[in-house]
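Subject: Structure handover

Hello,

Here is the structure I promised, with my notes below it. Please read them with the model open.

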Amino acid sequence: MINSKSGQSGADKQGALKEAIADYYQRQYQAALDLRKQLNVNIPIIATGHLTTIGASVSDSVREIYIGTLEAFNATLFPPFDYIALGHIHRPQRVNKSGHIRYSGSPIPLSFDESAQQKSVCLIDFEQDKLAEMTLLPIPEFQLLRTLSGSLQEIATQLEKLATQYNEMDTTIWLDIEVSTQDYLSDIQNRIQELTQIATL
């Protein structure tokens with residue numbers, strides 16, 4: 001447990017938190033090394049973490065997460081685990097261009113700005129304790145999310161295209177509709193509902 005001390009600045013508190021987190025992972029890594037040696041096996045040492053790392057690309061649905069006053073952890077402070085699987089960030093990505101530190105991302109889109117992302121699961125293959133190959137297995141899109149923007153006429157055209165594209169699919173499309181207009185439209189909700197009903201979405 002880290003306790004704040006009187007007179008500590010914000011930078012001092014963040015520095016102490018970084019050291020504490022890095023020390024925790026180092027102790028776990030050393031314990032895993034000792035156990036692997038005791039068992040006399042060449043198996044990978046894998047770490048997990050639910051936190052934000054510096055430089056991670058987030059989406060709208062990702063809530064700010066703080067460890068004390070620490071906004072993000074520097075991934076260079078992790079010990080040399082064979083693989084580090086991280087959570088919290090919904091966008092699948094590598095960390096610091098590293099092949100062995102990765103956010104798998106959420107299995108389904110959790111906001112409309114994630115609708116264009118190909119969600120996936122990481123299949124990791126090791127040869128004894130060495131990372132040999134990583135394969136991304138795509139996850140099917142079970143719930144369609146689409147964002148439409150423009151004037152009412154442009155949105156009507158986009159709705160018609162969607163209706164044609166998914167005409168033979170027994171599915172419901174969730175829409176985020178952004179209307180661009182200089183006029184005040186008091187009946188905007190009714191007009192949008194009429195457009196979606198005409199397009200049978």
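A residue is called buried when its relative accessible area is under 20%, and exposed when that area is over 50%. Keep in mind that this is a predicted model.

**Helix α2**

Start with α2, residues 152-165. This helix has 14 residues. From its first C-alpha to its last it reaches 20 Å, close to the 20 Å expected at 1.5 Å a residue. Its buried residues include Leu 152, Ile 155, Ala 156, Leu 159, Leu 162 and Ala 163. These six residues sit on the same side of α2, because they cover an arc of only 120° around the axis.

**Aromatic pairs**

Now the rings. There are five aromatic pairs. One of them is Tyr 25 with Phe 81. Their ring centres are 6.3 Å apart and their planes stand at 85°, so this pair is edge-to-face; the cut-off is over 60 degrees. The pair links distant parts of the chain, 56 residues apart. Tyr 25 is in helix α1 (residues 10-39). Phe 81 is in the loop between β1 (46-50) and β2 (83-87). Both Tyr 25 and Phe 81 are buried.

Phe 73 and Phe 78 also pair edge-to-face, because their planes are at 70°, with ring centres 5.1 Å apart. Both of these residues are buried too. Ring pairs join Tyr 24, Tyr 25, Tyr 29, Phe 73, Phe 78 and Phe 81 into a cluster.

**Strands**

β1 and β2 run parallel and are joined by five bridges.

**Cores**

In soluble globular proteins, nonpolar side chains tend to be buried together. Here the largest nonpolar core has 17 residues. Which residues have the most contacts inside it? They are Tyr 25, Phe 78, Phe 81, Ile 84, Leu 86 and Ile 101. The elements giving two or more residues to this core are α1, β2 and β4. The largest share, four residues, comes from α1. Apart from this core lies another, of seven residues, among them Leu 148, Ile 155, Tyr 166 and Ile 173. Ile 155 is also one of the buried residues of α2.

Phe 81 deserves a look of its own. Leaving aside neighbours within four places in sequence, Phe 81 is in contact with Tyr 25, Tyr 29, Ile 45, Ile 46, Ala 47 and His 100.

**Positive phi**

Two residues to check on the backbone. His 88 has a positive phi of about 110°, although it is not a glycine. His 88 lies in the loop between β2 and β3 (93-94). Is this residue buried or exposed? His 88 counts as buried, because its relative accessibility is 14%.

Gln 128 is not a glycine either, and its phi is positive, near 60°. Gln 128 lies in the loop between β5 (120-127) and β6 (130-138). With a relative accessible area of 54%, Gln 128 is exposed.

Best wishes

Technical notes. Residues are numbered from 1 along each chain as its sequence is written. This is a predicted model: local features need pLDDT of at least 70, side-chain atom pairs count only at pLDDT 80 or more; totals for chains, interfaces and linings use all residues. Side-chain values use heavy atoms; hydrogens and water are left out. Rings of Phe, Tyr and Trp (its six-membered ring) pair if their centres lie within 6.5 Å; planes under 30 degrees apart count as stacked, over 60 as edge-to-face and the rest as tilted. Buried means under 20% relative accessible area, exposed over 50%, partly exposed in between (1.4 Å probe, protein chains only). Two strands pair if DSSP finds at least two bridges between them. The expected span of a helix is 1.5 Å times one less than its number of residues. The arc is that of the directions from the helix axis to the C-beta atoms. A nonpolar core is a set of buried Ala, Val, Leu, Ile, Met, Phe, Trp, Tyr and Cys residues joined through side-chain atoms within 4.5 Å. Contact means heavy atoms within 4.5 Å.
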